[in-house]
Amino acid sequence: MSRATTGTRSLDTGTIVGWTRDNGVYVAFAVLVLFNAIFTTNFATTATLFNLLIQVAPVLIVSLGMALVIGTEGIDLSVGSVMAIASAIVPLYIGYGWPVAVLIALVVGTLAGALNGSLVAFVGMQPIIATLALFVGGRGLAQVLVGGQLQIISDPTFLALGQAEVLGIPLPVIIAGVLTLIVGFVVRRTTFGRYVLAIGGNRAASYLSGHPVRAVLVAVYAISAALATVAGVLATARLSAGDPSTIGILIELDAIAAVVVGGTPLSGGKVSVVGTVMGALVMAVITATFIMNDLPFTYAQILKAVIILLAVYIQRGRGSV
Amino acid sequence: MNEQAPILKAREVTKRFPGVLALDRVSFQLLPGEVHALVGENGAGKSTLIKVITGVYAPDEGRVLFGGEEVSFASPRDSQAAGISTIYQEINLIPMRSVAQNVFLGREPRTRFGLLDSERMNREAAEILGRYGIQADVTAPLHSLGLGTQQMVAVARAVSLDARVVIMDEPTSSLEAREVDTLFRVIRQLRDENVGVVYVSHQLDELYEICEKVTVLRDGKLVHSGDLAELSKLQLIATMLGRELAEVERRATGFGENREVGREPVLRVRGLTRRHVLDGVSFDVRPGEVVGLAGLLGAGRSETAKAIFGAQPLDSGEVQMAGKDVKTGSPPSAIKAGIAFLPEDRRSEGIIPGLSVRENIVAAAMPRLSRVGLVSEKAQNELVERFMERLGIKASSPDQPVGELSGGNQQKVMLARWLCLDPKVLILDEPTRGIDVGAKAEVQHLIDELAEGGLGVIMISSELEEVVEGSDRVVVLRNGSVAGTLSGDDISEENLMETLAEGGSSENGESAGE
């Protein structure tokens, strides 16, 4: 990249950077798919596709909440730990029936998120610090809940959540798809979505326009945690066991990467739901490409790092004047 | 009277920013042992001049001489090392570290082995503070002290750097009266030690108490420099605002024709009080009336506006709309009661630059445009279309990001945001600042039109002419309280300046504490 030197930004450079920022993720996705379709054996099959989508589903669900949080100029580091808490709660209460277990997990997760949001909205803590506490403590708490051991779950209806197929499509993929549509609708069509964008775009202006800034911040973190709980439940069902020590590890980084690569700026004020989906897919396809071609996974991580840096670099033009 | 060579001199300094000439061939000179007031309204160029002197900015033209030699400091650190210390309005020390550590920040005394010599540091810090009569435990963390004492520590630090010039930018804004006395004692001591002091403040009384010389800037230009004692307060204000004392006749812009004003107040403001900020501000606004809120910078104009709108915390005070109490401290309550507020700083508090013109216009109307949390696109688009046309907002489409519009069009978008709520009282904080002449006339015309339609308007403006011509009544604020009210034929630039300078009836500068 030789363009976009600091300070003087000519018009055409600005346009190119702008276009890349808005569409880069689609180009990257198309290139990756094309590459694999040609060079990777068995890539263009339904089995591979569904496998890929199942891998993506939890990351995508978490990314949707992350996109809302980032839209308010925040960040949520605690999502992986919230998944772990969900994974610990389900086996504890599965005896009362799976709906009860899932409901309790959702309530606990949402409350934890609301706590994050309250620290940001009322105490005025930096989002990264406010959610760091739950990031660190949450997984520990989850492990205590299950007594430090993997809890096998055998309730067949519950396991179906992660393993069944409807009309040939894996259930987690359907759930992720439906949640994507809902979040997309919320961002575009609801007052809540407008508040999120306004708060991220200019918090003082949003407050002076009479927006319920604090309530929206609390809600955004609560939603992020609720979505993380859903992801945790699906991952638990897929694994057939509650395992807080592995579930959701490092997912916050994948989610942040998906959101940023998808064109949602960390500076807030804009949320691209479609971009987030593509961002999550790009990351998953990169992993799949390396695994399916028997290449060392380390290189996949390096390539991901390069793509994240590139995405942030391109968005940098937005913040500077 | 003084044969000494100036210690600090700025010669014909010019500084440009994109679209703004911040300093236009400004010269300034400071003698050793002189306390020199630097005054001017917002945007006059005071801070830019200070920043050029201290090396934050490099001047585009002109030279800065320190101790007779031309200097070009690359950073504030350089100027500080050379002997120019600056004390800012906000204390820029480290709250968690001890007083002594702050005094010696960046030049801590060391032992023979290169380790911190805390004992010596504490001893010397106590000495320095003691010399200026500042009482504080040097080992206590800075944040445990009162704001005033913290400011004193900043002064002590500046002095202990062997400064030959000390620049103080609004040093008293957070100080109690007693602390101001201590500060003045320190300044006098500095003066006796032959240190040159540049003193920036909006408190005229303070200037007259402590300063000998004054330099007045306006719109980036030097307009006056000389002995302060030669200027009366009124003359000083006239110089700051750029008005000849004789020049009082109304100019014929047609802004502010006489209007029918309703009898019963629509807005009643009583005893708005906030420590250090507002001190019992009370006034009424009637339907169809434009009430000008005048005052020098720091008098509490914007704070009063925000307090009425619920965006400024209050210790006490009441706001009533049409006889009913409005919950203070909550913009949504104020909006619901029919109060609208156009903030002064469009960039930081008004527009949401990344969002479209449409979304910016409906930002405050969101609750009305939606049912069960869903935005009604149809109602929204109708509203946006109507107000873009009514206010003549020029944008390529309602989808254009508002950050791309000109200042005037952004201001119209802001007005549209509030007018589409059909408010009963509209508070305008500097409605014509930073917009071009054409847009300014349009906005002024609109204000007239709205008032004729029965809207109660509160208008804050730093332009005397705008206040005088546009207002049916002018409430003058001074040090956070109402210094006087002008109405009818009494509204003239001369009367206004007199009230700004001397206040109406009571002097309450001394007891403004509680």
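In the predicted model, helices H8(A) and H10(A) pack with their axes 10 Å apart. The angle between them is about 100°. H10 of chain A spans residues 213-239. Angles of 65 to 115 degrees count as roughly perpendicular, and H8(A) and H10(A) are therefore roughly perpendicular to each other. From H8(A), the contact uses A:Phe192, A:Tyr195, A:Val196 and A:Ile199. These residues meet A:Val213, A:Val216, A:Leu217 and A:Val220 in H10(A). By class, this contact has 8 nonpolar residues.

A:Val218 counts as buried because 21 C-beta neighbours lie inside 10 Å, and the cut-off for a buried residue is 20 or more. Beyond its neighbours within four places in sequence, A:Val218 is in contact with A:Ala114, A:Gly117, A:Ser118 and A:Ala121. A:Phe29 lies elsewhere in chain A: the C-alpha atoms of A:Val218 and A:Phe29 are 34 Å apart. In sequence, A:Val218 and A:Phe29 are separated by 189 residues.

The contact between the chains takes 19 residues from chain A and 23 residues from chain B. On the chain A side, two elements give two or more residues: helix H8 (191-201) and helix H9 (203-208). H8(A) provides the largest share of that side, 6 residues. By class, the side of chain A that touches chain B has 8 nonpolar, 8 polar and 3 charged residues. Within chain A, H8(A) packs with H10(A). Between the chains, H8(A) gives residues to the side that touches chain B.

Chain B has a helix pair of its own. Helix H8 of chain B covers residues 233-241, and helix H18 of chain B covers residues 493-502. The axes of H8(B) and H18(B) come within 9 Å. These axes cross at roughly 120°. H8(B) passes H18(B) in a right-handed crossing. H8(B) contributes B:Lys233, B:Leu234, B:Ile237 and B:Ala238 to the contact. H18(B) contributes B:Met497, B:Glu498, B:Leu500, B:Ala501 and B:Glu502. By class, the residues of this contact divide into 6 nonpolar and 3 charged, with no polar residues.

Notes. Residues are numbered from 1 along each chain as its sequence is written. Chains are lettered from A and ligands numbered from 1 in the order in which they are written. This is a predicted model: local features need pLDDT of at least 70, side-chain atom pairs count only at pLDDT 80 or more; totals for chains, interfaces and linings use all residues. Two residues are in contact if their C-beta atoms, placed from the backbone, lie within 7 Å. Helices (H or I, at least four residues) and strands (E, at least two) are DSSP runs, numbered from the N terminus. Ala, Val, Leu, Ile, Met, Phe, Trp, Tyr, Cys and Pro count as nonpolar, Asp, Glu, Lys and Arg as charged, and the others, Gly among them, as polar. Axes are lines fitted to C-alpha atoms, for helices over the stretch in contact, and angles run from 0 to 180 degrees between N-to-C directions. Angles under 35 degrees count as roughly parallel, over 145 as roughly antiparallel, 65 to 115 as roughly perpendicular and the rest as oblique. A crossing is left-handed if the near helix is turned anticlockwise from the far one by less than a right angle, and right-handed if clockwise. A residue is buried if 20 or more other C-beta atoms lie within 10 Å of its own, exposed if 12 or fewer, and partly exposed in between; C-beta atoms are placed from the backbone.
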